[in-house]
Amino acid sequence: MTPTRGRRTVVVTGANAGLGFWTTLSLARSGDRVVMACRSKQRADAAAAAIRARAPDAELPFVELDTADLASVERAAEQLNQLERIEVLIENAGIVHTPARRQQTVDGLELVAATNVFGHVALTAAVLPTLLHTPGSRVITLGSLTTLWPWPGLDDPQSERFYNGLLAYARSKVMLQSFGFELDRRLAASGALVRSLVAHPGYSNSGRTPRVPNVNEPGRAKRFRDNLQAAVAQGKHRGALPVVAAADDPSPPPSPAFYGPKGLLKGAPVRAVPVPITTDRSVAFAVWAEAERATGVIFAL
């Protein structure tokens, strides 16, 4: 890809839908060039068209990326490392609606953990050289309120002994937040000027999100059900705001740097306090070791 002039170069994984779409739209409106790293070019093109209808000057290059496939991650990283700079890497892609039964990826990894965690770990390691050469760059991983649930078992990170879709998702988000905070600590210890921040969207659903043709088109029943939760839920356009805040904060706090809605479930973006398990270093060491074992990636820090 040929770099062009712009305020910042931001990479958003899973930029074509959900929180990724609204994050991309907000950043594009601010003048950032946003690299849409997505599985489907067709869906990315549809999302890009919707963004350009709202931000006509948006620069939205596409890179094919499937975080559940380590070969795809490697190919995407090769393209991203051709960029002169990456100011922000937003690791948004993930499985929310998990399969009823345990599934494995082409690499033999549990699908939810691979998509939400291991693919992003491998991507971060692969593009780290470009991040290190970009003054003030940052990595932003997406957390979740499910980290508040009772810990579903660190000793079974890939659900090999027992699989439950909801628990697999919660576990993946604990691991991803833990990775994000530990990465920040290790970057600081190495003297690198890259920051690793974490943001969560609160309780955000599709039914309270503005309709966007070919991007977000919930039916009447979905809107009715989701609007019954108006007191505790917000649309994904609002859930993206903590992610944007993490990307834009001129002076992020010391680790752990965490952002979320003011009311926990919904509200304006603020600096937040993470769940203790996600900042526990013994947990972080276990997560880091499992990620390195699963991906074969060793961070050069």
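**Sheet, packing helices and local features of the predicted model**

Strands β1 (residues 9-13) and β2 are paired in the parallel sense, with 5 bridges between them. The structure described here is a predicted model. Within this pair, Val11 lies opposite Val35 of β2. Of the 6 residues of β2, 6 are buried, so the strand is largely enclosed by the rest of the structure. In a regular strand, side chains alternate between the two faces of the sheet. In β2, Arg33, Val35 and Ala37 point one way, whereas Val34, Met36 and Cys38 point the other way, and all are buried.

Both strands belong to an open sheet of 8 strands with mixed pairing, in the order β3-β2-β1-β4-β5-β6-β9-β10. The edges are formed by β3 (62-64) and β10 (269-271); each has a single partner strand, so one side of each lacks a neighbour in the sheet. From one strand to the next, the twist averages 20°. Gly260 has Val270 as its bridge partner in β10.

Two of the helices that pack on the sheet are described here. Helix α2 (residues 41-54) touches β2 (33-38) and β3, and the direction of α2 makes about 150° with that of β2. Helix α8 (residues 241-248) also packs on the sheet, where it touches β4 (88-91), β5, β6 (195-199), β9 and β10. The direction of α8 makes about 165° with that of β5.

Strand β5 contains Thr141. This residue has a relative accessibility of 0% and therefore counts as buried, the cut-off being under 20%. Beyond its neighbours within four places in sequence, Thr141 is in contact with Glu91, Leu176, Phe179, Gly180, Leu197, Val198 and Ala199.

Several backbone features occur in loops. Most residues other than glycine have a negative phi, and most peptide bonds are trans. The bond from Ser255 to Pro256, however, is cis, with omega near 0°. Pro256 is placed in the loop between α8 and β9. Asn214 is not a glycine, yet has a positive phi of about 70°. The loop that holds Asn214 runs between β7 (204-205) and α6 (220-227). With a relative accessible area of 61%, Asn214 is exposed, since the cut-off for that class is over 50%.

Leu264 likewise has a positive phi of about 70° without being a glycine. Together with Leu148, Trp149 and Leu166, Leu264 makes a nonpolar surface patch of about 410 Å².

Notes: Residues are numbered from 1 along each chain as its sequence is written. This is a predicted model: local features need pLDDT of at least 70, side-chain atom pairs count only at pLDDT 80 or more; totals for chains, interfaces and linings use all residues. Side-chain values use heavy atoms; hydrogens and water are left out. Patches are made of residues with over 30% relative accessible area and no salt bridge: like charges are joined within 9 Å, nonpolar side chains (Val, Leu, Ile, Met, Phe, Trp, Tyr) within 5 Å. Accessible areas come from the Shrake-Rupley method with a 1.4 Å probe; for residues, only the protein chains shown count as cover. A salt bridge is a side-chain nitrogen of Lys or Arg within 4 Å of a carboxyl oxygen of Asp or Glu. Two strands pair if DSSP finds at least two bridges between them. Helices (H or I, at least four residues) and strands (E, at least two) are DSSP runs, numbered from the N terminus. Axes are lines fitted to C-alpha atoms, for helices over the stretch in contact, and angles run from 0 to 180 degrees between N-to-C directions. Contact means heavy atoms within 4.5 Å. Buried means under 20% relative accessible area, exposed over 50%, partly exposed in between (1.4 Å probe, protein chains only).
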